[in-house]
Amino acid sequence: MRALALLGLALVACGGGAAGTSATNDAGATNSDASASADGFCSTLVTVSASSSVAPAMLVATAHVQTIGTPTWTVSGPSGLLDPTYLDSGHFSVSVDATAPGTYTFFLDLSPGCPGAASTVLMAPNGVVQPYRLRLTPPTTSGLPQQDALVNTFGDTPQLAADVTLQTGSALTGTLRGPGGTPVAIAGQVVLQPQSGPPVLAQVGTSGAFSLPIRLDAMYQLVLLPLDASLAPRLLGPTDGATLQAQVVSTVLDAGATVTGLVRGPSLQPLPNATIALRRGVLQSGVGIAGADGSYALHAAPGTYDLAVSATGWPDLSLSGVDIAIGTTLGVDLTMSRAVVGLTIVAADGSTPVGGAKVTVTSSIIPSAATVHTSSGDRTAIGRLHLEATAAPDGTVALLLPPAEYDVLVDPRNAPGTLTGRHIVVTGAGSRMFALGASVQLSGLVTDDDGHAVGGARVRARASAGAALETSTDATGHYTLSSLPSGVALGLEVVPQVGSLASAQRTLGDATQLGGTLPAMANVTLPLGLTLAGVVRSPLGIPLAGVSIDVLCATCGDATPLYHTDTSGSGGYTLYLPDPGVTHVDGGSDSGTP
């Protein structure tokens with residue numbers, strides 16, 4: 001039996017402290033919770049110690065109080081409520097015989113109104129330890145920075161009180177300043193990009209001042225985006241928060257490199273209102289907008305960028321590795337021709353027009369969409385077209401399309417029929433009939449690893465276009481989803497309501513091509529899982545709703561989230577993680593036989 005330290009369930013975001021105290025040792029864990037009433041005369045500290053870090057074990061909870069009263073205890077374990085044994089006449093210390101692995105919580109009610117609680121976890125014998133990193137992104141309105149918390153899961157050991165107390169962090173403050181260091185009329189935006197996770201954006205008024213929450217030891221990039229089109233955006237970092245604060249104070253924005261040129265169509269006609277922008281990671285240039293003669297100007301910090309050009313009705317262009325220096329010129333000439341392609345949208349009967357249908361057309365990559373004239377020579381840009389149109393009352397829609405392959409998606413909206421997709425090849429002008437497909441039915445069986453039916457599991461089928469339908473399995477583990485989109489790929493997600501099982505995802509093909517009901521493809525086996533649940537609290541101990549939680553690998557350095565959830569209105573979260581299992585120890589036999 002391994003002697004592993006217990007998980008302290010009052011988790012603290014990395015690098016900070018927590019309300020109350022907690023400590024661990026080789027024999028078990030001590031976990032405490034301090035409470036105080038409004039009048040300041042009530043103080044309660046609950047500590048829990050364990051005779052072993054693995055089940056079975058004896059757990060002892062002790063109340064350290066500074067008030068008058070007799071404690072009343074309630075103890076919950078993996079199997080429900082337990083009857084504690086009172087160890088002293090004042091009921092300040094109790095014990096329970098903990099036989100099963102999991103979370104044990106001691107609740108104390110010390111009249112008048114002086115509660116306390118503490119939780120601890122007993123690991124299953126030989127339980128395998130799997131570390132994770134919880135990346136917590138509080139809502140912007142909280143003023144708290146993104147931060148991490150480390151957590152271990154133990155094989156065959158559900159955890160129901162993995163609470164996290166967030167840190168306050170520090171304020172990154174600065175002022176957007178233009179030439180001469182003046183903040184006058186330097187309004188704009190500031191975008192803070194943590195090492196991993198969503199960016200945080202702050203609007204900056206004409207005072208130029210801004211403030212964003214950060215951690216001094218975390219890594220960030222900061223983009224300064226002035227609204228003044230004569231100034232170039234600036235990137236600071238990547239660097240730690242403390243260094244970033246010093247850089248912000250001394251940064252002054254300037255014009256950077258001015259980029260000019262023309263944007264023209266296949267016949268060299270100007271393309272007014274075309275937009276031109278440069279991007280390098282989180283840094284972007286100012287946006288150039290072509291005038292009536294196709295000319296534009298933008299400002300960017302010198303460096304190497306990806307070029308993006310967009311003109312209404314034409315493919316969006318992109319070109320990587322574009323060098324920008326003082327006085328750079330970039331001319332863009334589109335080289336593809338377009339032809340009128342007419343679509344007539346009809347119902348599944350093949351004749352009834354479907355007016356008002358939404359038609360979405362997305363091309364494959366067009367390899368030679370434009371020529372970009374650079375200082376080092378001409379280069380070829382690729383393009384990709386995305387169009388949306390609405391069918392006329394007679395079901396017709398006319399599209400201007402360059403030669404390419406396209407995915408066409410038709411949403412009938414309020415008309416009979418279902419979301420329908422089709423892949424087409426356009427080589428020139430022409431017309432096509434597009435019949436809506438009949439609805440697709442998806443049926444399947446959800447079981448666990450032992451083949452037992454899983455009832456009450458949430459089953460969601462999502463089309464590649466984003467439309468989704470949801471249902472639940474019945475008591476026999478079966479489910480049916482009707483009226484699913486046809487002609488498009490489907491994804492399937494199954495989320496069990498049983499804590500011992502983990503979620504599962506599966507990518508399905510086009511249902512109409514795979515036989516309509518996809519009986520085999522829709523059967524799902526859920527892997528064994530563990531419950532990890534708790535409450536995320538602010539630095540003041542207040543439950544915090546709307547915190548985004550991404551579960552990351554703690555040891556491999558990969559920032560790709562493995563699982564995701566958000567805290568509820570009461571600050572609680574629940575994750576069903578794969579069970580790492582237990583190590584099976586075979587002691588052998590003296591006789592050499594089993």
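Analyst: Helices (H or I, at least four residues) and strands (E, at least two) are DSSP runs, numbered from the N terminus. The model is a predicted one, in which local features need pLDDT of at least 70 and side-chain atom pairs count only at pLDDT 80 or more, while totals for chains, interfaces and linings use all residues. Residues are numbered from 1 along each chain as its sequence is written, and side-chain values use heavy atoms, with hydrogens and water left out.

User: How many helices and strands does the protein have?

Analyst: Counting the DSSP runs as just described, the protein has a single entry under helices.

User: What percentage of the residues of the protein count as buried?

Analyst: A residue is buried under 20% relative accessible area, exposed over 50% and partly exposed in between (1.4 Å probe, protein chains only). By that rule, the buried share of the 594 residues is 44%.

User: Which strands stand at the edges of the open sheet of four strands with antiparallel pairing?

Analyst: Two strands pair if DSSP finds at least two bridges between them, and on this basis the order in the sheet is β34-β31-β36-β37. The strands at the two ends of that order each have a single partner strand, so one side of each is left without a neighbour in the sheet. These edge strands are β34 (386-390) and β37 (420-426).

User: Which residue in β36 is the bridge partner of Ser363?

Analyst: Strand β31 (residues 358-363) pairs with strand β36 (residues 404-411) in the antiparallel sense, over six bridges. Across to β36, the bridge partner of Ser363 is Tyr406.

User: Does Asn273 count as buried or exposed?

Analyst: Asn273, in the loop between β22 (257-264) and β23 (275-280), has a positive phi near 70° although it is a residue other than glycine. Its relative accessibility is 60%, and therefore Asn273 counts as exposed.
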